[in-house]
Each structure stands twice: as structure tokens, then as C-alpha cells.
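Hi,

Here is the structure I promised to pass on.

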Amino acid sequence: MTVPSVDDSLSARLLPFALSMVAGSVDIIGFLGLDGLFTAHITGNIVILAAKLVAGQQAPVSYLISAPVFMVVLALTRLFVTGLERIGIASLLPLLLLQFLLLLMFLAICLAQWPRIEPDTAIMILAGMLGVSAMAVQNEVARISLKGAPSTAVMTTNITLLAIDVGEILFDRNLHVAARQRAKRTWPAIVGFLVGCALGAACESDFGLRSLALPVGIALVALVMGIAAVRAHPVETKAA
């Protein structure tokens, strides 16, 4: 068993773009529809939580538990991947499927509660944590299931690396080849996230949390891309 690479096929190269669109749209829809909850940028929740505590304001439960939930899901996902590796199954497709199912449940709860969406109720806190869990799984996809993939859920690192690579391309001839290769992998994720944010914001303003159908649909497309990427991935053969 080997890990698929972003350089294996067109579908593999496009997968980070699609996943970044998922993250961007889920993050902005959750932020607008769930009282400022970030599902992808968990550090944003910590910043807002600290600001509310300093100001003496009541902190939403979702802010308090988002970081622990994110960390627990990361650990459980890594344990799941370890189990898959032991039986010789590549983790890309199982994780993409898991992410899709988590987002689908997120959407289902929002549709069931529509139009009375109250972010502080238990059912909507659960819905928000499903979104957080989906983004935790997506972080694992980029980290361990797709070789050479940039971060697809948090863009700070990508923007930093892209800026450094652009500088090396312009000013350091000895490093420009490697920098071009890295930049070629990084910029689609940044563009995908921005497009996802724009589409998510536009849809949320018209449809509210029902617009989660957008990232759910893109996640399904990403799953199909993952299937194509796995099929195109060269299989290692052991010498007799």
C-alpha cells in the first residue's frame, strides 16, 4: 500500500482545490449561520472566546468545546487510519467518505430545524460540532492521505509558503525550480478557499444554513475525484 500523490493524475491535482472550496464554504456558512462559529479555523473560536471572556460576555458552548472536539476527532481519525494501514487499505477514500457523511449529517440537522435555527440549543451545537469534525477529518486527508497536498482547511500557512516561494522564484535562481513546484501545489488551495468563501457567503445570505448543500455537494465531487485518484495511482509490486 502506498499513499496517492497530488502529482499522480489530474483528479489528484484538483482534489486540494475542491477540498479547499469545501472548507471555505463550510467555514463562512457556519460563521454566518451559527453565531460566529468557525468550523475550519478553530483558532478563530479561541480568539473570540477570549475576547468575550475579557469583555465579561457569556461564551457560547460551541466556542468552548470546538477545540477539544477538533482535537479528539483528529486523534480518533489518526487511530482509524492506523487501523486501515495495518490491513493494507489506503486512507484517502475512507476519510473522504467520512467527511462527506459528517457534512451530510450537519446539513440534515439544519434542514430539520429550519426555519427556527437557534445556535445555542443542544441540537444546533451538535450540528456545529459535526462541521468541526468534518474539518478535522479533512485536515488528516491533506496531512497523511494525499502526498504533497497543501493544507486545505487553514490558509495562513499556505499564504506564507506561497509568498516565500514567490520570493525565491523572483530572487533566487538556485531554488526557483523547487519553489515553482511548491507554488504550483499551493495556489489552487488558496484560490479554492476564496471561491468557497465567496459562494458560501452568497448562498447563506439567500438560503441560510440550507446552503450547506453547497459544501456537501462539493464534498461528494471530491469523493469522486478521490476514487479517480486512487485508480490512477501507480501500484507498487513486490519482487518475487
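Some ground rules first. This is a predicted model, so bear in mind that local features need pLDDT of at least 70 and side-chain atom pairs count only at pLDDT 80 or more, while totals for chains, interfaces and linings use all residues. Residues are numbered from 1 along each chain as its sequence is written, and side-chain values use heavy atoms, with hydrogens and water left out.

**The core**

The largest nonpolar core has 58 residues. By nonpolar core I mean a set of buried Ala, Val, Leu, Ile, Met, Phe, Trp, Tyr and Cys residues joined through side-chain atoms within 4.5 Å; buried is under 20% relative accessible area, exposed is over 50%, and partly exposed is in between (1.4 Å probe, protein chains only). Leu-15, Phe-106, Met-124 and Leu-209 have the most contacts inside this core. Two or more residues each come from helices H1 (10-33), H2 (42-54), H3, H4 (92-113), H5, H7 and H8 (213-232). Helices here are DSSP runs (H or I, at least four residues), numbered from the N terminus. H5 gives the largest share, eleven residues.

Met-124 is in contact (heavy atoms within 4.5 Å) with Leu-34, Ile-109, Cys-110, Gln-113, Ile-117, Glu-118, Pro-119 and Leu-209, leaving aside neighbours within four places in sequence.

**Helix H5**

H5 covers residues 122-145, and its end C-alpha atoms are 33 Å apart, which agrees with the 34 Å that its 24 residues should span at 1.5 Å a residue. That expected span is 1.5 Å times one less than the number of residues.

Not counting residues up to four places away, Ile-144 touches Val-3, Arg-78, Val-81 and Ser-91. Ser-91 is 53 residues from Ile-144 in sequence, yet their C-alpha atoms are 8.2 Å apart.

Thr-77 belongs to helix H3 (residues 61-86) and is buried, with a relative accessible area of 4%. With the four-place neighbours left out again, Thr-77 touches Leu-95, Val-137 and Glu-140.

**Salt bridges**

How many salt bridges are there? The count comes to three, taking a salt bridge as a side-chain nitrogen of Lys or Arg within 4 Å of a carboxyl oxygen of Asp or Glu.

- Asp-7 pairs with Arg-185, with the closest N and O atoms 2.3 Å apart. This pair links the segment before H1 to helix H7, 178 residues apart.
- Arg-182 meets Asp-165 at 2.8 Å, N to O, joining H7 to helix H6 (residues 156-171). Arg-182 is partly exposed at 38% relative accessibility, whereas Asp-165 is buried at 3%.
- Arg-182 also bridges to Glu-168, at 2.9 Å between the closest N and O atoms.

Through shared partners, Asp-165, Glu-168 and Arg-182 form one network.

**The surface**

Trp-187, Val-191, Val-195 and Leu-199 make a nonpolar patch with about 320 Å² of accessible area together. Patch residues have over 30% relative accessible area and no salt bridge, with nonpolar side chains (Val, Leu, Ile, Met, Phe, Trp, Tyr) joined within 5 Å and like charges within 9 Å; areas come from the Shrake-Rupley method with a 1.4 Å probe. Trp-187 sits in H7 (residues 176-207) and is partly exposed at 47% relative accessibility.

Cheers
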